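Here is a walk through one chain, from its overall make-up down to a handful of residues. Have a look at the model first, then read on.

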Amino acid sequence: MVSQFRGWDSHSIKAAVGRSGKTLTELSLENGLHENSCSRALRSHHYRGEQAIISFLEVTGYELWPNRYDEDDVPTNPITRGLHLSELRPEGLRSKKALA
């Protein structure tokens, strides 16, 4: 029987952050995000909240959310992938016109 890796559930992520002495709100604020960003990342795609959690827990995005990140740790969501790539480019997000 082949087992499929499912990643961490939201309760496990929240517990791991809590065991390290932080709340998701504190983690969000310390990373210059809105106070709900990390909590939102547990429920849906929120790239910057996800990155704050990934960095804090010192794991890969694929380990936490294999449905959101590929094995190379690149976001699978096209919109999030664009955000990921824009952070690699010094000029930031490109306009839709430039991407067409």
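## The chain as a whole

Let's begin with how the chain holds together over distance: of the contacts with a separation of 6 or more, 37% are between residues 24 or more positions apart. Keep in mind that this is a predicted model. The chain has 7 helices and 0 strands, so reading from the N terminus the order is simply α-α-α-α-α-α-α.

Of the 100 residues in the chain, 32% are buried. The accessible surface is about 6,800 Å², and carbon and sulfur atoms contribute 50% of that.

Mean pLDDT for the chain is 82, with 72% of the residues at 70 or more. Helix α2 has the highest mean pLDDT among the elements, at 97, while helix α7 (residues 96-99) has the lowest, at 44.

Helix α1 covers residues 10-19, and its buried residues are Ile13, Ala16 and Val17. Looking down the axis of α1, these buried residues fall within an arc of 100°, so they line one face of the helix. What do the buried residues of α1 pack against? Their partners are α2, α3 (37-43), α4 and α5. The face turned away from the buried side carries exposed residues, namely His11, Lys14 and Arg19.

Both ends of α1 have something to look at. At the start, a side-chain oxygen of aspartate 9 comes to within 3.0 Å of the backbone nitrogen of histidine 11. Just after the helix, glycine 21 has a positive phi of about 90°.

Serine 28 sits in helix α2 (residues 24-30), and its relative accessibility is 0%, so it counts as buried. Beyond its neighbours within four places in sequence, serine 28 contacts Leu33, His34, Glu35, Asn36, Ser37 and Cys38.

Serine 37, in helix α3, is buried too, with a relative accessible area of 3%. Setting aside neighbours within four places, serine 37 is in contact with Ser28, His46 and Gly49. That brings us to glycine 49, which is part of helix α4 and is buried at a relative accessible area of 0%. Not counting residues up to four places away in sequence, glycine 49 touches Leu33, Ser37, Cys38 and Ala41.

## The salt bridges

How many salt bridges does the structure hold? There are 2. One joins the side chains of glutamate 50 and arginine 68, at 2.7 Å from N to O. This pair links distant parts of the chain, 18 residues apart: glutamate 50 is in helix α4 (residues 47-57), and arginine 68 is in the loop between α5 (61-64) and α6 (78-88). Are the two partners buried or exposed? Glutamate 50 is buried, with a relative accessible area of 1%, and arginine 68 also counts as buried, at 7% relative accessibility.

The other salt bridge is between the side chains of lysine 22 and glutamate 30, at 2.8 Å from N to O. Here lysine 22 is partly exposed, with a relative accessible area of 24%.

## Positive phi in the loops

Glutamate 58 has a phi of about 55° and lies in the loop between α4 and α5. With 71% relative accessibility, glutamate 58 counts as exposed, because the cut-off is over 50%.

Aspartate 73 has a positive phi of about 70° and belongs to the loop between α5 and α6. Aspartate 73 is partly exposed, at a relative accessible area of 27%.

Key:
Residues are numbered from 1 along each chain as its sequence is written. This is a predicted model: local features need pLDDT of at least 70, side-chain atom pairs count only at pLDDT 80 or more; totals for chains, interfaces and linings use all residues. Side-chain values use heavy atoms; hydrogens and water are left out. Helices (H or I, at least four residues) and strands (E, at least two) are DSSP runs, numbered from the N terminus. Buried means under 20% relative accessible area, exposed over 50%, partly exposed in between (1.4 Å probe, protein chains only). Contact means heavy atoms within 4.5 Å. A salt bridge is a side-chain nitrogen of Lys or Arg within 4 Å of a carboxyl oxygen of Asp or Glu. pLDDT is the predictor's confidence in each residue, from 0 to 100. The arc is that of the directions from the helix axis to the C-beta atoms. A polar contact is a pair of N or O atoms within 3.5 Å; within protein, one must be able to donate a hydrogen and the other to accept it, and residues adjacent in sequence count only if both atoms are side-chain atoms. Accessible areas come from the Shrake-Rupley method with a 1.4 Å probe; for residues, only the protein chains shown count as cover.
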